[in-house]
Structure formats: C-alpha cells, structure tokens
Amino acid sequence: MTAFKGIWTQPFWKAVSAEFLAMLIFVLLSLGSTIRWNGKDQPMDLVLVSLCFGLSIATMVQCFGHISGGHVNPAVTAAMVCTRKLSLAKGLFYVVAQCLGAITGAGILYLITPSSVAGGLGVTKLSAGHGLLVEIFITFQLVLTIFATCDPKREDLKGSSALAIGFSVAIGHMFAIDYTSSSMNPARSFGPAVIMGKWENHWVICSNNNNNNNNPFLLKLFLKIPCYSSNINNNNNKISLIGRLSRREDVPRRCTVGSGPEQGGNGQGEVRGGKGARRG
C-alpha cells in the first residue's frame with residue numbers, strides 16, 4: 001500500500017479539504033449564473049454564464065493553488081495522476097472531495113433558489129454523438145492550457161496562470177453551451193445531476209474524462225516542450241519539481257495547478273522521483 005502512504009498527514013487533508021471547498025464555491029457561483037430570473041422562456045445570457053464559470057475557476061485556482069494545486073476538476077486530477085504528477089491516493093481523495101463539494105454546492109443552490117425559476121439547475125444536456133465529441137474537444141483544450149501555462153521551464157510567460165486557465169474555461173463555454181451546456185468538468189455535471197435526479201447520457205462525461213487524461217501531455221511531448229508539474233514551497237517560495245529531475249533554483253516560473261504540497265513531505269523543498277532525487 002505504498003500509494004496510500006502518508007494520507008494521515010495534515011498537509012494531505014488540508015489539500016483534500018481545499019478541493020472540497022473550492023468545488024463547493026465554484027459550483028454554487030457558476031451554476032447560479034444559469035438561473036433565468038426573468039422566466040424559463042427567456043434565452044440564456046451566454047456571455048454572462050461563460051464569464052462566471054471562467055472567472056470562478058480562475059479565482060479558485062488563485063485562492064487554493066498553493067494548498068492543493070487548485071485542480072477543481074476530476075479531469076485535471078486524472079491527468080495529473082496518469083502523468084505521474086500526483087499520487088494515486090491523493091488523486092482518489094481529490095475526486096471524492098470534488099464530487100462531494102459539487103453535490104453540496106448544487107444542494108445549497110437548490111435550497112436558496114425558488115422552484116419557479118430553478119429550472120434544471122444547470123444540468124448538462126448531452127447527446128451520445130456530437131455531445132461526446134464536443135466535450136472531448138473543450139476538455140482537451142482546457143487540460144492542454146493547464147499543462148502549457150504551468151510549465152516551470154517556460155520563461156516567456158509573464159501573466160497569470162490562473163487567469164489563463166479561467167479564460168480557457170470561458171472560451172470553452174462560449175463555444176459549447178448551445179451544444180452540450182458545456183461541462184468540461186465531471187464533478188460540475190455530477191453535482192446538479194444528483195440533486196435533480198437527471199442522468200440522461202451522463203456516461204458521456206465520464207468517457208470524455210477518460211479520453212482526455214493523457215492527450216495534452218502526449219502532445220507536449222510530441223512538440224518537445226518540457227512539461228512538469230511543480231510544487232510550491234510555502235516557506236521560501238522555491239520550486240520543487242515533481243518527477244525524475246533534480247531541483248532547479250533558477251526556475252523563475254511558479255505553477256499553481258499541479259500536485260500541491262506532496263503528501264507526507266516536509267515542506268522544505270523535498271524532491272521525489274527516480275534516480276537523482278535529493279533533499280534540499
């Protein structure tokens with residue numbers, strides 16, 4: 001049970017709790033923007049909904065990135081596990097926390113919203129054909145954005161990674177809302193589906209999650225662009241790269257979406273991996 005070593009440490013549960021709280025806030029705020037207060041027959045404001053989803057994600061990544069990595073999405077967590085940026089144990093607990101946070105957030109929204117305007121509470125509307133293709137595409141571009149903007153070896157990036165990820169979510173929603181209601185996030189779809197009891201073609205979301213785990217990482221390898229997750233040292237703001245490489249003191253870039261503080265680590269820049277790993 002090596003994969004589950006260190007799960008009873010305080011940093012581990014702080015990270016899991018951060019994912020729960022971040023998902024709760026994200027689902028509550030973003031799904032709230034889908035409520036049609038002027039009547040169910042009124043068209044949805046696509047720009048409002050897209051910006052609310054995108055800016056909510058950017059805010060959560062900025063707030064919780066230093067604690068858990070700011071995944072706020074099981075698809076991102078699965079990608080990090082498959083590319084060995086995150087341990088299996090932490091990945092499993094992250095997904096459970098994200099799903100519970102989504103259910104809680106959707107439940108709170110359901111309780112505070114009048115039934116006359118609640119509608120479907122933002123339940124994702126999917127079809128087995130084009131819906132799967134659309135969700136694969138928009139989730140792929142989101143995970144690709146995360147891998148690209150959180151690459152510590154890129155010295156050309158000067159802006160905010162959290163904001164870039166938020167814009168990626170907003171763009172995906174602007175494109176896909178009319179197709180599938182734009183999920184991009186299995187937990188975001190799971191929460192309102194549990195509360196409203198609507199599960200039609202929900203398997204499309206799970207299939208999309210599995211299909212997109214490794215694609216962005218493999219694409220970056222094909223393009224020969226180094227892509228490694230990073231782990232922020234909260235004490236002196238140095239970067240610990242998780243993987244088979246030693247620590248680089250001269251890396252100027254910080255990544256807020258990744259593995260977060262490693263479970264069982266000492267918080268002092270410990271590097272884990274294969275040969276060449278050492279302690280700082």
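This is a predicted model: local features need pLDDT of at least 70, side-chain atom pairs count only at pLDDT 80 or more; totals for chains, interfaces and linings use all residues.
Met184 is found in the loop that links α7 to α8, helices here being DSSP runs of H or I with at least four residues, numbered from the N terminus. Its phi is near 65 degrees, a positive value in a residue other than glycine. At 2% relative accessibility, Met184 counts as buried, a term used for under 20% relative accessible area with a 1.4 Å probe and protein chains only. The loop between α7 (161-180) and α8 (186-196) also holds Ser182. Ser182, again a residue other than glycine, has a positive phi near 55 degrees, and this residue is buried with a relative accessible area of 0%.

Residues are numbered from 1 along each chain as its sequence is written, and side-chain values use heavy atoms, with hydrogens and water left out.

Turning to the helix pair, the axes of α1 (residues 10-32) and α2 (residues 46-68) come within 10 Å and cross at roughly 170 degrees; axes are lines fitted to C-alpha atoms over the stretch in contact, with angles from 0 to 180 degrees between N-to-C directions. The two helices are therefore roughly antiparallel to each other, the word for angles over 145 degrees. Contact, meaning heavy atoms within 4.5 Å, involves residues of α1 including Ala18, Ala22, Ile25 and Leu29, and residues of α2 including Phe53, Ile57, Met60 and Phe64. By class, this contact has 14 nonpolar, three polar and two charged residues; Ala, Val, Leu, Ile, Met, Phe, Trp, Tyr, Cys and Pro count as nonpolar, Asp, Glu, Lys and Arg as charged, and the others, Gly among them, as polar.

Helix α3 (residues 74-82) is mostly covered, with seven of its nine residues buried: Pro74, Ala75, Val76, Thr77, Ala78, Ala79 and Met80. The N-terminal end of α3 is capped by Asn73, where a side-chain oxygen lies 2.9 Å from the backbone nitrogen of Ala75. Arg84 follows α3 and has a positive phi, near 65 degrees.

Finally, Thr113 sits in the loop between α4 (88-112) and α5 (115-118) and, at 9% relative accessibility, counts as buried. The Thr113 side chain reaches the backbone oxygen of Leu109 at 2.6 Å. Leaving aside neighbours within four places in sequence, Thr113 is in contact with Ile35 and Ala118.

Definitions and conventions:
Angles under 35 degrees count as roughly parallel, over 145 as roughly antiparallel, 65 to 115 as roughly perpendicular and the rest as oblique. Buried means under 20% relative accessible area, exposed over 50%, partly exposed in between (1.4 Å probe, protein chains only). A polar contact is a pair of N or O atoms within 3.5 Å; within protein, one must be able to donate a hydrogen and the other to accept it, and residues adjacent in sequence count only if both atoms are side-chain atoms.
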